[in-house]
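Subject: Structure handover

Hello,

Here is the structure you will be working with. Please open it next to this email and read the notes below with it.

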Amino acid sequence: MVQMMQNVHLAPETDEDDLYSGYNDYNPTYDTEELENDTAFQQAVRTNHGRRPPITAKIPSTAVTRPVATGYGSKTSLTSSMGRPVTGAIQDGVTRPMTAVRAAGFTKAALRGSAFDPLGQSRGPAPPLEVKNEDSPEEKIRQLEKKVNELVEESCIANTCGDLKLALEKAKDAGRKERVLVRQREQVTTPENINLDLTYSVLFNLASQYSANEMYAEALNTYQVIVKNKMFINAGRLKVNMGNIYLKQRNYSKAIKFYRMALDQIPSVHKEMRIKIMQNIGVTFIKTGQYSDAINSFEHIMSMAPNLKAGFNLILSYFAVGDREKMKKAFQKLIAVPLEIDEDDKYISPSDDPHTNLVIEAIKNDHLRQMERERCVEVVKASQYVELANDLEINKAITYLRQKDFNQAIETLKMFEKKDSRVKSAAATNLSFLYYLENDFAQASSYADLAVNSDRYNPSALTNKGNTVFANGDYEKAAEFYKEALRNDSSCTEALYNIGLTYKKLNRLDEALDCFLKLHAILRNSAQVLYQIANVYELMEDPNQAIEWLMQLISVVPTDSRALSKLGELYDSEGDKSQAFQYYYESYRYFPSNIEVIEWLGAYYIDTQFCEKAIQYFERAALIQPTQVKWQLMVASCFRRSGNYQKALDTYKDIHRKFPENVECLRFLVRLCTDIGLKEVQEYATKLKRLEKIKEIKEQRIKSGREGPGGSRGKREGSAGSDSGQNCSANSKGEQLSAKLRALPGTNEPYESSSHKEIDASYVDPLGPQVERPKTAAKKRLEEDDFADEELGDDLLPE
């Protein structure tokens, strides 16, 4: 008790107010660097055993200084804050054993300044991987197995691509290498380690390729190898393939035998496969004439999993045995089978098989199909969905329109003339549209009136009526109908577009522009609307705005040759030849048959002294218009300008053969032959004089036959002395181009320097002065005359 009390220290009263006393005291026991000199600690480490001292009393305070034992002082017992002796302390002459020699992850060297590295990263990178020994037997086997798999895949791919011979060669090669692989495996490992899946796939692929190449004996032998090997699980299913081969060989008894053997080995859970095998058995019975057995098979299929093929074959079997009643029942079962395809898709051929396509075309509109449609409509008419029946009839008419069967569409729509007002208005609207497409404006107007009278608030009917009035030239009245259509339906874009065209016809350009800008806000990417806006700005003589809107147009339709040529025309009028050439060339690239574009490009190259490049354009123009002599004369002129006189002479001779009465061609032939010194000059000169005399006589007759001083008119023949270009409009685009061709510089051409007036006429159209050409169909569609395709397209929908 006295000894225990010696270890108890009471805190002095003077320290009660000092809460932090004792915290700065240093206990030399924790000085690890002096443990080597501590004999008690070293003895405890060496013995590693000892007797635990008795438990001392717990001291509630640790704020007092305790005597400690070190290697330099007296060895008194040390206690912890819980009254437990300190590790390594001596009590009653017995040293307390150490509980741990070294902490995990820390060493003495680490405490003396080395870096903290618990993961051992300072030891450097890991050593390189061991090099694979490619000469080892295991590696050789692995590479050979990979090669076999690749050959099997290549064989399957060749079969898919239709190269059956290559597929068979690859399959045979895979079989040879697989046998080598098996022998090598038997030498290295036990037979249990042979890859049975690889062997099965190689043999199965080889048998399939034999069968595809119609080598049925070899295919059967290979299948027998697989089937007889008990190590192959579920190999008995391949007897179906063997049965198929016997069926192709017309060995029906063996085919049925193998089908039944396969059926016995397939568990009942594989219902779909069993049904297909039974269907094969039934088809084989039909081929052998055993109709009663075939009936049993197909009846079982129709009771378990009815399908179209089994039902159809069952009807044929009943027909063969002459059982009409059962044929009717089988037919009822057949039509009860769900098709699982959309109504419109069932007449679309799933493949490119010509026989299948012929069958589908035959049944598209056969008697059964017609009866089906009629009964469907009749059933709907007799029900409470009468309006649906009317919509079905209108959809029927629209279908005829899509098939371009206009007569059937008209007959279908005429059935609604005695219906109620709403249906009558919808049918009459579509009839008006059809007659408008056929340019029968009288009938179109009649049905438009009927549609408007049946339903005055039908915007499509009012738009069609406005179109018929527009076609008759009454633009003010047409505008009124379009306005009424917009009042009834402000979203009727056809009426808004057409009223813009009407204002253009009336020269009310500001109102037309307002209409097209409103339409552009609704239809942001409409090419027609963008073109109309650009065209209105052009009519308002604002080319910069026209060019800006045309740039937006070609961003929507970058391959529109008309829009590109229009841009070139605008840039040309502004004097920007380089930009004009760029857009004319792009237009020519997308549509190389536009005479205006070809003529401009040819004139541009001549104007820039690149006559050789102009030749290809005039040659193309001559191909497009072979009866127009001016294009061939321009080709010859380009050869002369480029200094190729022999080629020019040959070209003029060819022109003379095609057009022997062309005066301009003879003049150039005479001059060329004279300068070159050819003997044919006299022949051509004689012909020229004869033609000039004949022409002079004709002109005198024409003059003598005229009456009155005001009867003189421009000559229509393109001749040496004609001044046909003077009577054309100065703003005509065609005249400007022809005048440009006539006024081309000729400083390096001795053949033209003496007589420009005589040569000018050679480039004039023989039919007379050129006037502004009418718009083509493509441009009409973009401008104002072709209403049918765009303005009335939505009117086909039932109202």
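The notes below go from the whole chain to a few of its residues.

This is a predicted model. The chain contains 36 helices and two strands. Of its 799 residues, 39% are buried. The chain exposes about 47800 Å², and carbon and sulfur atoms supply 52% of that area. Among contacts with a separation of 6 or more, 52% are between residues 24 or more positions apart.

Next, the cysteines. A disulfide is a covalent bond between the sulfur atoms of two cysteines. The structure holds zero disulfides. The cysteine sulfur closest to that of cysteine 611 belongs to cysteine 638, at 5.4 Å. A disulfide needs the two sulfur atoms within 2.5 Å, so 5.4 Å is too far for a bond. Cysteine 611 has a relative accessible area of 7%, and it is buried because the limit is under 20%. Cysteine 161 has 63% relative accessibility, so it counts as exposed, for which the limit is over 50%.

Where is serine 432 found? It lies in helix H18, which covers residues 421-437. Serine 432 has a relative accessibility of 1% and counts as buried. Its side chain reaches the backbone oxygen of alanine 444 at 2.9 Å. Leaving aside residues up to four places away in sequence, serine 432 touches Ala444, Tyr447, Ala448 and Asn464.

Regards

Note on methods. Residues numbered from 1 in each chain as written. Predicted model: local features only at pLDDT ≥ 70, side-chain atom pairs only at ≥ 80, totals over all residues. Heavy atoms only, no water. Helix = DSSP H or I, 4+ residues; strand = E, 2+ residues; numbered from the N terminus. Buried < 20%, exposed > 50% of the residue type's maximum accessible area, 1.4 Å probe, protein only. Contact = heavy atoms within 4.5 Å. Areas by Shrake-Rupley, 256 points an atom, 1.4 Å probe, with all protein chains shown as cover. Polar contact = N/O pair within 3.5 Å; in protein donor to acceptor, adjacent residues only side chain to side chain.
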